[in-house]
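Thanks for asking me to look this one over. Here are my notes, in the order I would go through them with the model open.

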Amino acid sequence: MDLATQVVPYIAAAAGAYGTAVIERVRDSAADATVEATAGWGRRLLGRILRRQESAAEVEAAVRDLAQDPDDADRVAAVRLQVRKALADDPELAAEVAAMLQAAGTSVTASGPRSVAVQENSGIIQTGDSSSAWQQRRP
């Protein structure tokens, strides 16, 4: 899997969490720390990628477009393409981003309505409209 493909889910999570304000949030050092970890990593990765002046405008435009509809596969692909170009044109940036991804460690991402993502679970996970959990008791 190439580096851009690994980066984009983080950026997409940030775009989904912050909406169209994602670029401003990236530049805001006091951004809300309570946002889900994947979005936080996405913000940091995007912030680093946007510091590359030569590709910042293209990446920023693609991310703003993605923020309008984070579930649109074409918009995700557009971000991936711009990130891939930026990383291919700057080996030092690619190395930094790879190191950041490694530091991110394990991540679990769910996307879409009623999605669930967990690293470990010892209980019930339930989604859906009008669903219910029940346990049959034995006498």
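**Notes on the core, the helices and the charged residues**

1. The largest nonpolar core has 34 residues, and Val 7 and Val 97 are those with the most contacts inside it. Such a core is a set of buried Ala, Val, Leu, Ile, Met, Phe, Trp, Tyr and Cys residues joined through side-chain atoms within 4.5 Å. At least two of its residues come from each of helix 1 (3-18), helix 2 (22-27), helix 3 (37-50), helix 4 (53-68), helix 5 (73-89) and helix 6 (91-104). Helix 1 gives the most, with 10 residues. Helices here are DSSP runs (H or I, at least four residues), numbered from the N terminus. In soluble globular proteins, nonpolar side chains tend to be buried together.

2. Please keep the source in mind. This is a predicted model, in which local features need pLDDT of at least 70 and side-chain atom pairs count only at pLDDT 80 or more, while totals for chains, interfaces and linings use all residues. Residues are numbered from 1 along each chain as its sequence is written, and side-chain values use heavy atoms, with hydrogens and water left out.

3. Which residues does Val 7 contact, leaving aside its neighbours within four places in sequence? They are Leu 45, Ile 49, Val 83, Val 97 and Leu 101. Contact means heavy atoms within 4.5 Å.

4. Next, look at how helix 5 and helix 6 pack: the angle is about 115° and their axes are 5 Å apart. The axes are lines fitted to C-alpha atoms over the stretch in contact, and angles run from 0 to 180 degrees between N-to-C directions. From helix 5, Ala 86, Leu 87 and Asp 89 meet Pro 91, Leu 93, Ala 94 and Val 97 of helix 6. The residues of this contact divide into 6 nonpolar, no polar and 1 charged. In that count, Ala, Val, Leu, Ile, Met, Phe, Trp, Tyr, Cys and Pro are nonpolar, Asp, Glu, Lys and Arg are charged, and the others, Gly among them, are polar.

5. Is Arg 52 buried or exposed? Arg 52, in the loop between helix 3 and helix 4, is buried, with a relative accessible area of 11%. The cut-offs are under 20% for buried, over 50% for exposed and in between for partly exposed (1.4 Å probe, protein chains only). Not counting residues up to four places away in sequence, Arg 52 touches Ala 86, Asp 89, Asp 90 and Leu 93.

6. The whole structure has 7 salt bridges, each a side-chain nitrogen of Lys or Arg within 4 Å of a carboxyl oxygen of Asp or Glu. One of them joins the side chains of Arg 52 and Glu 54 (4.0 Å, N to O); Glu 54 is exposed, at 61% relative accessibility.

7. Within helix 4, Arg 64 and Glu 60 are 4 residues apart, so about one helical turn separates them. Their side chains meet in a salt bridge (3.2 Å, N to O). Glu 60 is buried at 16% relative accessibility, whereas Arg 64 is partly exposed at 30%.

8. Finally, Arg 75 of helix 5 forms a salt bridge with Asp 72, with the closest N and O atoms 3.3 Å apart. Elsewhere, salt bridges that share partners join Arg 52, Glu 54 and Asp 90 into one network. Arg 75 is partly exposed, at 22% relative accessibility. Not counting residues up to four places away in sequence, Arg 75 touches Asp 65, Leu 66, Gln 68 and Asp 69.
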